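Please keep the sequence and the coordinates open while reading.

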Amino acid sequence: MSTGCVIGVDLGGTKLLAGAVDPALNVHHRAIRPARVADQAALLDMVVGVVGEVRDAIDGEGATVDAVGFGIPCMIDQERGTAVMSIHLPIVDLPFRDVMAERLGLPVFVDNDANAAMLAEWRFGAAAGARDAVMLTIGTGIGGGIVAGGALQRGSQGAGAEFGHMVVQDDGPPCPGNCPNHGCLEAMASGNALGREARRIAAERPDSGLGRALAAGREISGPLVTELAHDGDVAAIDAVTTIGRWLGVGVCSIVNILNPDVVVLGGGVIAAGELLLEPIRAEVATRALSPAREHVRILPARFGAESGMLGAAVLALEGIASPA
Ligand SMILES: [Zn+2]
């Protein structure tokens, strides 16, 4: 490896993934950390530490790091590089780009984490070649990204594309974090919602794989439900199907509003694969308007749970290639 790398950092609601990425999008070193921190200062220290670790590893291979890109679950003021607010992290009005550039001594580029994931999938992944595409990242929460008319769309203040906060059930459960709403798609169909639905089913059906896992004291989380569903446990498949139906209800509205060529589903929950995609496609086929419903392709993210990290790297690669 002789060319310069960039570091892509995906700062999720529960974990941080950083990687050294070359211009051909090969990942040379990865680092992962839990993102649960007490406050903003601890969060920044943790981020600086992880970037330093990846940089040291790459230095050891004789390569250079030219820039760092960040995808963070925040509303971003692109002009000032400020993280205005976050649903899941202790961040308020933080001049993230300038603070990081000073602490790291490198050019820094920053966008919302789901916009970064959309960028990776649009440039190199499942939405490559599309003029109109959307992405939903389904993890702790649900993030969204929009490409319309061949450009990323962030809305007037950078606060747009929040598909996770589209209401799908007006009297549904309270939305987590700083959202004041009820029955948002995120409250009904995130990884957390999958765990909640699976715990409910496990309690009702003690003889199922889910029920036995609950009785054995295992934590009924998204990854375990996905594993049991892939093993054929009907109760786990039912939990995944319920989440898929809610996602389908949301995707139906998105298809009707934006008429995209492609809807890309990413984030940790997409590990459920066709078990999740099938109910989404079924809802869209029966609910969305023609001809948008026949046109749209509903696909898993090519880069799986790494879309956000790779997108943050693409942000940095494109940023240093065309300075503003
Ligand atoms: Zn909400």
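**Metal site, backbone and ring pair**

In the loop between α9 (274-287) and α10 (292-295) sits P291; helices (H or I, at least four residues) and strands (E, at least two) are DSSP runs, numbered from the N terminus. The peptide bond that joins S290 to P291 is cis, with omega about 5°. This is a predicted model, in which local features need pLDDT of at least 70 and side-chain atom pairs count only at pLDDT 80 or more, while totals for chains, interfaces and linings use all residues. Residues are numbered from 1 along each chain as its sequence is written, and side-chain values use heavy atoms, with hydrogens and water left out.

Most residues other than glycine have a negative phi, and most peptide bonds are trans. D93, in strand β7 (residues 92-94), has phi near 45°. D93 is exposed, with a relative accessible area of 51%; exposed means over 50%, buried under 20% and partly exposed in between (1.4 Å probe, protein chains only). A161 has phi near 65° and lies in the loop between β11 (151-152) and α4 (185-189). A161 is buried, at a relative accessible area of 12%.

Helix α8 itself covers residues 234-258, and its 25 residues should span 36 Å at 1.5 Å a residue; the expected span is 1.5 Å times one less than the number of residues. The end C-alpha atoms of α8 are 35 Å apart, which agrees.

The zinc ion is held by four donor atoms: ND1 of H165 and the SG atoms of C175, C179 and C184, at 2.1 to 2.4 Å. Donors are N, O and S atoms within 2.8 Å of the metal (3.2 Å for Na, K and Ca); water is not among the atoms, so sites may look incomplete. Angles among the four donor atoms run from 102 to 123°, and the site is tetrahedral, a label for four donors with all angles between 85 and 135 degrees. The donor residues follow the spacing H-x9-C-x3-C-x4-C in sequence. Of these residues, C175 and C184 are buried.

One aromatic pair is counted, under a rule that rings of Phe, Tyr and Trp (its six-membered ring) pair if their centres lie within 6.5 Å, with planes under 30 degrees apart stacked, over 60 edge-to-face and the rest tilted. F70 and F96 form this edge-to-face pair, at 4.9 Å centre to centre and 85° between the planes. F70 lies in strand β4 (residues 65-72) and F96 in helix α2 (residues 96-104), so the pair ties together parts that are 26 residues apart in sequence. Both F70 and F96 are buried.

How values were computed: Tetrahedral: all angles 85-135°; square planar, octahedral: opposite > 155°, others 65-115°.
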